[in-house]
Amino acid sequence: MRARAAQVIAAVMRGDSLDRAFESLGAGLPERDQPLCREICYGTLRLFPRLNGLLGQLLQKPLRTKDRDIHALALAGLYQLTEMRIPPHAAVSATVDAATILKKRQLSGLLNAVLRRFQREEADLVTALSPAQNAAQADWFWEALGKHWPAQREEIAQANNTHPPMTLRVNLSRTDRDSYQQQLNSTDITSRKGVISSAALILDQPTDVSALPGFMDGLCSVQDEAAQMAAQLLAPKPGERILDACAAPGGKSGHILEQQGSELCLTATDISEDRLHRVQENLNRLRFSAKLLCDDGAKPSTALKDEGPFDAMLLDVPCSATGVIRRHPDVKLLRRIEDAAGFARQQNAILDGLWPLLVPGGRLLYVTCSLLPEENSDVVAAFLARQANAREEPLELESALPCPHGRQLLPSAKGADGLYFAMLYKDA
């Protein structure tokens with residue numbers, strides 16, 4: 001199992017996404033081993049900058065590229081020693097044995113020496129880490145947080161390094177939050193109410209969705225509390241034609257329909273046909289329907305234009321995902337500072353592509369899961385500067401911080417993810 005975890009981590013170190021790597025490499029494990037493998041993979045990547053800083057001190061010279069799997073295995077060993085309740089001797093022994101499974105038995109001695117030296121010298125090794133390494137953040141991101149969110153930098157880093165809570169969105173078209181919480185209690189699933197979303201219940205402990213009362217009948221969905229605010233801020237009205245662009249996997253589409261159901265016409269688009277299947281699956285479970293189109297928002301198709309014009313749009317655009325690192329810890333390895341500019345170009349193109357499809361007087365909610373102004377307030381400012389008929393309206397959003405344009409939710413260790421929101425109106 002540890003050998004498989006090392007292969008997943010090594011794949012991410014090569015540039016693969018964690019979801020794709022775990023799906024291809026972790027799926028073959030026996031079901032009983034998958035939770036531990038997932039914990040080691042996700043946990044090691046959440047703390048990668050710190051663990052890699054420790055390992056750099058423990059190695060006399062870097063491991064060769066062809067031994068990246070052993071590098072990953074050493075990091076996984078350090079994670080077990082520092083963060084898991086596995087007895088240290090068992091963690092070291094199992095990690096060293098995994099080198100043989102990876103057909104690198106000749107490096108098992110090195111691996112053993114590295115892990116045992118760490119046990120002896122942990123305090124001194126930790127003292128020698130840089131501030132970014134100690135906070136387990138990439139250097140460039142640590143600097144960006146210091147620039148844009150200096151007062152909240154430590155709290156953001158802490159949130160990025162924690163297990164994300166499992167949050168439910170209660171389907172308020174079918175039940176109310178108090179009633180559903182009582183249903184959870186009756187099955188010994190305890191929860192607390194969300195702070196910013198009227199539909200949110202945060203579970204005290206994650207559980208399989210099959211254990212959630214009425215999940216397959218659409219009584220609830222799994223969705224972070226911050227993401228739940230998108231549909232609530234959009235506030236769909238009966239009879240409106242609404243576009244949910246970049247809609248996959250469909251959580252926000254479902255939430256929009258839960259608020260007005262058959263009283264509105266929803267079109268959901270995504271650039272990926274495969275991801276649109278996820279949207280359809282989610283809507284089927286919730287017993288709702290929508291028009292689904294595989295479409296590029298930057299270059300809307302004739303089919304999409306024929307569905308409009310739209311009274312309201314939700315644009316949850318592609319971004320750096322720096323507000324949801326705890327859910328996607330591979331961001332710590334895969335993102336670079338220059339990526340924000342590329343995403344900003346894409347975001348501006350989507351805004352420009354879809355704005356003509358909005359009716360005069362219509363509204364557009366711009367959303368990212370980024371903490372970087374280059375993808376958020378700066379994009380909105382640039383759009384307003386070049387669109388004479390666009391104006392911003394302030395948003396009421398509890399716990400969110402004001403920006404030059406829009407509002408920013410920051411990730412919280414026990415609360416919501418970090419999302420950005422801005423509401424734009426099209427003048428008649």
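**View 1. Helix α5 in the predicted model, residues 68-83**. Of the 16 residues in α5, 13 are buried (under 20% relative accessible area, 1.4 Å probe, protein chains only).

**View 2. The contact of helix α1 (residues 2-14) with helix α2 (residues 18-25)**. The two axes, lines fitted to C-alpha atoms over the stretch in contact, come within 9 Å and cross at roughly 145°, with angles running from 0 to 180 degrees between N-to-C directions. Arg4, Gln7, Val8, Ala11 and Val12 in α1 meet Leu18, Ala21, Phe22 and Leu25 in α2, contact meaning heavy atoms within 4.5 Å.

**View 3. The open sheet, in the strand order β2-β3-β1-β4**. The four strands (DSSP runs of E, at least two residues) pair in the antiparallel sense, a pair requiring at least two DSSP bridges. Because β2 (191-193) and β4 (220-222) stand at the edges with a single partner strand each, one side of each is left without a neighbour in the sheet. The twist averages 30° from one strand to the next.

**View 4. Strands β1 (residues 167-170) and β3 (residues 200-203)**. These strands pair over three bridges, and Arg169 stands opposite Ala200 in β3. Helix α12 (residues 225-234) packs on the sheet, touching both β1 and β3, and its direction makes about 25° with that of β1.

Residues are numbered from 1 along each chain as its sequence is written, and side-chain values use heavy atoms, without hydrogens and water. In this predicted model, local features need pLDDT of at least 70 and side-chain atom pairs count only at pLDDT 80 or more, whereas totals for chains, interfaces and linings use all residues.

Technical notes:
The expected span of a helix is 1.5 Å times one less than its number of residues. Buried means under 20% relative accessible area, exposed over 50%, partly exposed in between (1.4 Å probe, protein chains only).
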